[in-house]
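Here are my notes from a pass through this one, as numbered points. Have the model open while you read.

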Amino acid sequence: MSSRHLVRPGRELDLVPQTMGIGADGLRRWALVDETVPGAVHTGFGIVELASGGRVPWHVHSYEDSLYVLEGEVVVDTGDGANLLRPGDYGVNAVGAPHALRNVGDVPVRWAQMLAPQPRSRVGGDTYAVPALPEREPTPIDVRDPRTRSFGHIEPGNMEVDRQTQDMLAVSASMRTALLVYSGITVKMMVDPDLGAQLLTMFMVQYQPDGMAGRHDHAYEETYMILEGEVDAEFDDQTYHLIPGDIAWAGVGCVHAFSNPGPGVVRWLETQAPQPPSRHSYRFARDWDHLRAATTEEG
(Lines give C-alpha, C1' and ligand atoms only; values in the text may rest on other atoms or scores of the structure.)
Protein backbone atom coordinates (compact mmCIF):
# COMPACT_ATOMS: atom_id res chain seq x y z
CA MET A 1 0.00 0.00 0.00
CA SER A 2 1.22 3.49 -0.84
CA SER A 3 0.04 6.65 0.85
CA ARG A 4 -2.28 7.28 -2.10
CA HIS A 5 -3.94 3.94 -2.81
CA LEU A 6 -5.14 0.72 -1.25
CA VAL A 7 -6.06 -2.68 -2.73
CA ARG A 8 -7.73 -5.39 -0.63
CA PRO A 9 -8.64 -8.86 -1.99
CA GLY A 10 -12.18 -9.97 -1.22
CA ARG A 11 -10.84 -13.20 0.30
CA GLU A 12 -9.54 -11.09 3.22
CA LEU A 13 -13.13 -10.34 4.30
CA ASP A 14 -13.00 -9.74 8.06
CA LEU A 15 -16.36 -8.82 9.60
CA VAL A 16 -15.87 -7.42 13.10
CA PRO A 17 -18.79 -7.06 15.59
CA GLN A 18 -19.68 -3.49 16.50
CA THR A 19 -22.35 -1.58 18.38
CA MET A 20 -21.70 1.87 16.83
CA GLY A 21 -21.89 3.17 20.41
CA ILE A 22 -25.70 3.08 20.27
CA GLY A 23 -26.38 -0.55 21.14
CA ALA A 24 -26.53 -2.05 17.63
CA ASP A 25 -27.23 -5.80 17.83
CA GLY A 26 -26.07 -8.42 15.32
CA LEU A 27 -24.00 -5.89 13.34
CA ARG A 28 -20.58 -6.71 11.86
CA ARG A 29 -18.41 -4.59 9.55
CA TRP A 30 -15.26 -4.97 7.46
CA ALA A 31 -13.69 -1.51 7.52
CA LEU A 32 -11.64 -1.07 4.34
CA VAL A 33 -11.08 2.67 4.08
CA ASP A 34 -11.10 4.67 7.30
CA GLU A 35 -8.90 7.02 9.31
CA THR A 36 -6.20 4.32 9.61
CA VAL A 37 -5.52 4.51 5.85
CA PRO A 38 -2.83 7.11 5.07
CA GLY A 39 -4.18 9.87 2.88
CA ALA A 40 -7.85 8.95 3.33
CA VAL A 41 -9.92 11.86 4.62
CA HIS A 42 -13.28 11.91 2.88
CA THR A 43 -13.97 8.18 2.50
CA GLY A 44 -15.36 5.68 4.99
CA PHE A 45 -15.95 2.49 2.98
CA GLY A 46 -16.76 -0.97 4.27
CA ILE A 47 -18.82 -4.14 3.95
CA VAL A 48 -21.59 -4.44 6.54
CA GLU A 49 -23.53 -7.49 7.68
CA LEU A 50 -26.64 -7.54 9.87
CA ALA A 51 -27.72 -10.89 11.29
CA SER A 52 -31.27 -12.22 11.09
CA GLY A 53 -33.17 -10.38 13.80
CA GLY A 54 -30.37 -7.81 14.11
CA ARG A 55 -31.12 -4.14 14.70
CA VAL A 56 -29.43 -0.77 14.60
CA PRO A 57 -31.42 1.66 16.82
CA TRP A 58 -32.53 5.10 15.71
CA HIS A 59 -29.61 7.46 15.27
CA VAL A 60 -28.14 10.30 13.20
CA HIS A 61 -24.70 10.98 11.75
CA SER A 62 -22.72 14.12 11.03
CA TYR A 63 -21.87 12.54 7.65
CA GLU A 64 -23.79 11.09 4.69
CA ASP A 65 -24.46 7.36 4.92
CA SER A 66 -25.10 5.45 1.68
CA LEU A 67 -25.54 1.75 0.99
CA TYR A 68 -25.88 -0.76 -1.85
CA VAL A 69 -27.41 -4.13 -0.94
CA LEU A 70 -25.35 -7.14 -2.04
CA GLU A 71 -27.41 -10.01 -0.57
CA GLY A 72 -30.36 -10.51 1.77
CA GLU A 73 -32.94 -7.90 2.78
CA VAL A 74 -32.79 -4.98 5.20
CA VAL A 75 -35.42 -2.54 6.43
CA VAL A 76 -34.21 1.05 6.56
CA ASP A 77 -36.57 3.06 8.76
CA THR A 78 -36.63 6.81 8.13
CA GLY A 79 -38.93 9.67 8.93
CA ASP A 80 -40.65 9.01 5.59
CA GLY A 81 -41.44 5.36 6.32
CA ALA A 82 -40.05 1.82 6.41
CA ASN A 83 -38.12 0.90 3.27
CA LEU A 84 -37.43 -2.76 2.42
CA LEU A 85 -34.17 -2.97 0.49
CA ARG A 86 -33.21 -6.04 -1.55
CA PRO A 87 -30.15 -6.88 -3.71
CA GLY A 88 -29.60 -4.09 -6.23
CA ASP A 89 -31.34 -1.49 -4.06
CA TYR A 90 -29.38 1.53 -2.86
CA GLY A 91 -29.95 4.72 -0.93
CA VAL A 92 -28.57 7.58 1.12
CA ASN A 93 -29.32 9.01 4.57
CA ALA A 94 -28.57 12.72 4.79
CA VAL A 95 -26.53 14.42 7.49
CA GLY A 96 -28.66 14.63 10.64
CA ALA A 97 -31.49 12.50 9.21
CA PRO A 98 -32.88 10.04 11.82
CA HIS A 99 -32.87 6.41 10.65
CA ALA A 100 -32.70 2.85 11.94
CA LEU A 101 -32.06 -0.56 10.39
CA ARG A 102 -33.48 -4.02 11.04
CA ASN A 103 -33.23 -7.45 9.48
CA VAL A 104 -36.65 -9.09 9.62
CA GLY A 105 -35.60 -11.96 7.33
CA ASP A 106 -34.27 -15.44 8.07
CA VAL A 107 -30.75 -14.90 6.70
CA PRO A 108 -28.07 -12.24 7.18
CA VAL A 109 -28.11 -9.19 4.94
CA ARG A 110 -24.91 -7.69 3.56
CA TRP A 111 -24.30 -4.34 1.93
CA ALA A 112 -21.52 -2.06 0.72
CA GLN A 113 -21.44 1.14 2.77
CA MET A 114 -19.98 4.50 1.83
CA LEU A 115 -19.70 7.30 4.40
CA ALA A 116 -18.57 10.87 3.71
CA PRO A 117 -16.82 12.67 5.19
CA GLN A 118 -14.93 9.97 7.03
CA PRO A 119 -16.24 9.21 10.55
CA ARG A 120 -13.87 10.15 13.39
CA SER A 121 -13.27 7.73 16.24
CA ARG A 122 -12.22 10.60 18.51
CA VAL A 123 -15.77 11.97 18.24
CA GLY A 124 -17.53 8.69 18.91
CA GLY A 125 -17.70 7.85 15.23
CA ASP A 126 -19.81 10.95 14.61
CA THR A 127 -22.92 8.90 15.45
CA TYR A 128 -25.62 9.99 17.91
CA ALA A 129 -28.57 8.08 19.35
CA VAL A 130 -31.96 9.81 19.01
CA PRO A 131 -35.48 8.99 20.24
CA ALA A 132 -37.17 6.20 18.30
CA LEU A 133 -39.88 6.98 15.79
CA PRO A 134 -42.90 4.70 15.29
CA GLU A 135 -42.10 1.45 13.49
CA ARG A 136 -44.12 0.90 10.32
CA GLU A 137 -44.79 -2.01 7.98
CA PRO A 138 -41.94 -2.10 5.43
CA THR A 139 -42.59 -1.68 1.73
CA PRO A 140 -40.23 -2.60 -1.16
CA ILE A 141 -38.46 0.13 -3.10
CA ASP A 142 -40.56 1.37 -6.02
CA VAL A 143 -38.48 3.71 -8.19
CA ARG A 144 -41.60 4.75 -10.12
CA ASP A 145 -43.16 6.21 -6.97
CA PRO A 146 -42.28 9.94 -6.68
CA ARG A 147 -42.28 9.53 -2.90
CA THR A 148 -39.16 7.35 -3.23
CA ARG A 149 -36.79 10.26 -2.80
CA SER A 150 -33.68 8.73 -1.21
CA PHE A 151 -33.59 5.20 -2.61
CA GLY A 152 -33.26 3.47 -5.97
CA HIS A 153 -32.61 0.18 -7.71
CA ILE A 154 -30.20 -1.00 -10.40
CA GLU A 155 -29.86 -4.25 -12.35
CA PRO A 156 -26.95 -5.46 -14.52
CA GLY A 157 -29.29 -5.12 -17.50
CA ASN A 158 -29.58 -1.38 -16.80
CA MET A 159 -25.95 -1.09 -17.94
CA GLU A 160 -26.69 -2.41 -21.45
CA VAL A 161 -26.87 0.23 -24.19
CA ASP A 162 -29.63 -1.57 -26.11
CA ARG A 163 -31.88 -1.72 -23.04
CA GLN A 164 -32.24 2.01 -22.40
CA THR A 165 -35.92 2.13 -23.28
CA GLN A 166 -38.74 3.35 -21.10
CA ASP A 167 -40.49 0.00 -20.81
CA MET A 168 -37.31 -1.89 -19.93
CA LEU A 169 -36.12 0.64 -17.35
CA ALA A 170 -39.59 0.87 -15.76
CA VAL A 171 -38.74 4.23 -14.21
CA SER A 172 -39.90 7.79 -14.76
CA ALA A 173 -38.52 9.70 -17.71
CA SER A 174 -35.72 11.67 -16.10
CA MET A 175 -31.95 12.05 -16.23
CA ARG A 176 -31.75 9.17 -13.76
CA THR A 177 -32.45 6.86 -16.73
CA ALA A 178 -29.44 8.25 -18.67
CA LEU A 179 -26.48 5.99 -19.41
CA LEU A 180 -23.10 7.60 -20.09
CA VAL A 181 -21.24 5.68 -22.81
CA TYR A 182 -17.64 6.26 -23.94
CA SER A 183 -14.51 4.27 -24.91
CA GLY A 184 -16.16 0.91 -24.25
CA ILE A 185 -17.31 2.13 -20.82
CA THR A 186 -20.85 2.64 -19.52
CA VAL A 187 -21.71 4.56 -16.34
CA LYS A 188 -25.04 4.92 -14.54
CA MET A 189 -25.40 7.25 -11.56
CA MET A 190 -27.04 5.97 -8.38
CA VAL A 191 -26.45 8.17 -5.33
CA ASP A 192 -25.92 11.77 -6.43
CA PRO A 193 -27.45 15.24 -5.92
CA ASP A 194 -30.60 14.12 -7.73
CA LEU A 195 -31.11 11.58 -4.94
CA GLY A 196 -30.31 14.17 -2.26
CA ALA A 197 -26.60 13.50 -1.68
CA GLN A 198 -24.31 16.49 -1.20
CA LEU A 199 -21.03 14.96 -0.05
CA LEU A 200 -20.59 11.77 -2.07
CA THR A 201 -21.55 9.93 -5.23
CA MET A 202 -22.14 6.23 -5.88
CA PHE A 203 -22.55 4.74 -9.35
CA MET A 204 -22.16 1.60 -11.45
CA VAL A 205 -19.42 1.18 -14.05
CA GLN A 206 -19.18 -1.45 -16.78
CA TYR A 207 -16.35 -2.07 -19.24
CA GLN A 208 -16.84 -4.00 -22.46
CA PRO A 209 -13.99 -6.32 -23.55
CA ASP A 210 -11.02 -4.11 -24.52
CA GLY A 211 -12.68 -1.11 -22.80
CA MET A 212 -10.19 1.12 -21.03
CA ALA A 213 -9.62 4.40 -19.21
CA GLY A 214 -6.19 5.95 -19.61
CA ARG A 215 -3.96 7.19 -16.78
CA HIS A 216 -5.60 10.03 -14.85
CA ASP A 217 -6.11 11.41 -11.36
CA HIS A 218 -8.67 13.47 -9.43
CA ALA A 219 -8.95 16.10 -6.70
CA TYR A 220 -11.16 13.67 -4.74
CA GLU A 221 -11.08 10.09 -3.45
CA GLU A 222 -12.53 7.07 -5.27
CA THR A 223 -13.38 3.53 -4.16
CA TYR A 224 -14.08 0.55 -6.42
CA MET A 225 -15.71 -2.79 -5.55
CA ILE A 226 -15.56 -5.39 -8.33
CA LEU A 227 -18.89 -7.17 -8.80
CA GLU A 228 -18.49 -9.08 -12.07
CA GLY A 229 -15.63 -10.00 -14.41
CA GLU A 230 -11.95 -9.13 -14.03
CA VAL A 231 -10.04 -5.91 -14.58
CA ASP A 232 -6.41 -4.89 -14.90
CA ALA A 233 -5.76 -1.80 -12.80
CA GLU A 234 -2.84 0.56 -12.29
CA PHE A 235 -2.39 2.77 -9.23
CA ASP A 236 0.70 5.00 -9.14
CA ASP A 237 2.67 2.68 -11.47
CA GLN A 238 1.74 -0.46 -9.52
CA THR A 239 -0.34 -3.01 -11.44
CA TYR A 240 -3.09 -5.26 -10.07
CA HIS A 241 -5.53 -7.85 -11.42
CA LEU A 242 -8.85 -7.43 -9.64
CA ILE A 243 -11.62 -10.02 -9.43
CA PRO A 244 -15.15 -10.02 -7.91
CA GLY A 245 -15.08 -9.09 -4.22
CA ASP A 246 -11.82 -7.14 -4.49
CA ILE A 247 -11.87 -3.50 -3.37
CA ALA A 248 -9.52 -0.67 -4.27
CA TRP A 249 -9.23 2.94 -3.16
CA ALA A 250 -7.45 5.82 -4.93
CA GLY A 251 -6.64 8.95 -2.96
CA VAL A 252 -6.29 12.50 -4.19
CA GLY A 253 -3.52 12.70 -6.81
CA CYS A 254 -3.21 8.93 -7.28
CA VAL A 255 -2.66 8.33 -11.00
CA HIS A 256 -4.73 5.33 -12.01
CA ALA A 257 -5.97 3.48 -15.11
CA PHE A 258 -8.18 0.50 -15.94
CA SER A 259 -8.55 -1.98 -18.79
CA ASN A 260 -10.72 -5.02 -19.35
CA PRO A 261 -8.68 -7.97 -20.71
CA GLY A 262 -11.95 -9.79 -21.54
CA PRO A 263 -13.49 -11.92 -22.80
CA GLY A 264 -16.57 -10.83 -20.77
CA VAL A 265 -17.67 -7.53 -19.29
CA VAL A 266 -16.36 -6.20 -15.99
CA ARG A 267 -18.72 -4.34 -13.67
CA TRP A 268 -18.01 -2.53 -10.43
CA LEU A 269 -19.54 -0.26 -7.82
CA GLU A 270 -17.72 3.07 -7.55
CA THR A 271 -17.88 5.92 -5.05
CA GLN A 272 -16.42 9.42 -4.93
CA ALA A 273 -15.94 11.89 -2.09
CA PRO A 274 -16.21 14.79 -2.00
CA GLN A 275 -18.52 15.20 -4.97
CA PRO A 276 -16.61 16.09 -8.15
CA PRO A 277 -16.60 19.66 -9.41
CA SER A 278 -18.66 20.48 -12.51
CA ARG A 279 -15.45 20.96 -14.55
CA HIS A 280 -11.93 19.53 -14.48
CA SER A 281 -12.83 16.51 -12.39
CA TYR A 282 -10.51 14.34 -14.53
CA ARG A 283 -6.86 15.15 -15.18
CA PHE A 284 -5.69 12.86 -17.98
CA ALA A 285 -1.93 12.39 -18.16
CA ARG A 286 -2.19 11.92 -21.94
CA ASP A 287 -3.42 15.47 -22.50
CA TRP A 288 -0.71 17.10 -20.42
CA ASP A 289 1.98 14.88 -21.95
CA HIS A 290 0.74 16.07 -25.34
CA LEU A 291 1.09 19.71 -24.23
CA ARG A 292 4.62 19.08 -22.96
CA ALA A 293 5.63 17.50 -26.25
CA ALA A 294 3.99 20.24 -28.30
CA THR A 295 5.64 23.08 -26.40
CA THR A 296 9.02 21.33 -26.57
CA GLU A 297 8.72 21.13 -30.36
CA GLU A 298 7.70 24.79 -30.54
CA GLY A 299 10.70 25.77 -28.46
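1. Start with Arg4. Its relative accessible area is 36%, so it falls in the partly exposed class. Keep in mind as you look that this is a predicted model. The side chain of Arg4 meets that of Asp236 in a salt bridge, at 3.0 Å from N to O. The pair brings together distant parts of the chain, 232 residues apart: Arg4 sits in the segment before strand E1 (5–8), and Asp236 in the loop between strand E19 (231–235) and strand E20 (238–242). Asp236 has a relative accessibility of 17%, and because the cut-off for buried is under 20%, Asp236 counts as buried.

2. Then go to Asp237, which is also in the loop between E19 and E20. Asp237 forms a salt bridge with Arg215, and here the closest N and O atoms are 3.7 Å apart. Arg215 belongs to strand E17 (residues 212–217), and the two partners are 22 residues apart, so this is another link that the model makes between distant parts of the chain. Buried or exposed: which is Asp237? Exposed, at 61% relative accessibility. Arg215 is partly exposed, at 35%.

3. Arg120 and Asp126 are another pair to check, with side chains that meet in a salt bridge at 2.7 Å, N to O. Asp126 is buried, with a relative accessible area of 2%. Arg120, at 32% relative accessibility, counts as partly exposed.

4. How many salt bridges does a search of the whole structure find? The count is 18. Some of the residues are linked in a network: Arg55, Asp77, Arg102 and Glu135 are connected by salt bridges in this way.

5. Next, strand E21 (residues 247–250). Which residues point which way? Ile247 and Trp249 point to one side, Ala248 and Ala250 to the other, and all of them are buried.

6. With E1, E21 pairs in the antiparallel sense over four bridges, and Arg8 has Ile247 as its bridge partner in E21. Strand E18 (residues 221–228) is likewise joined to E21 by four bridges, and these two strands run antiparallel. In that pairing, look for Thr223, which stands opposite Trp249 of E21.

7. Thr78 is one to click on. It lies in strand E6 (residues 74–78) and counts as buried at 14% relative accessibility. What does Thr78 touch, leaving aside residues up to four places away in sequence? The list is Trp58, Asn83, Asn93, Pro98, His99 and Phe151.

8. Last, a surface feature. Leu180, Tyr182 and Tyr282 form a nonpolar patch on the surface, and together they have about 290 Å² of accessible area. Tyr282 is found in the loop between strand E23 (266–273) and strand E24 (283–284). With a relative accessibility of 37%, Tyr282 is classed as partly exposed.

Terms used:
Residues are numbered from 1 along each chain as its sequence is written. This is a predicted model: local features need pLDDT of at least 70, side-chain atom pairs count only at pLDDT 80 or more; totals for chains, interfaces and linings use all residues. Side-chain values use heavy atoms; hydrogens and water are left out. A salt bridge is a side-chain nitrogen of Lys or Arg within 4 Å of a carboxyl oxygen of Asp or Glu. Buried means under 20% relative accessible area, exposed over 50%, partly exposed in between (1.4 Å probe, protein chains only). Patches are made of residues with over 30% relative accessible area and no salt bridge: like charges are joined within 9 Å, nonpolar side chains (Val, Leu, Ile, Met, Phe, Trp, Tyr) within 5 Å. Accessible areas come from the Shrake-Rupley method with a 1.4 Å probe; for residues, only the protein chains shown count as cover. Contact means heavy atoms within 4.5 Å. Two strands pair if DSSP finds at least two bridges between them.
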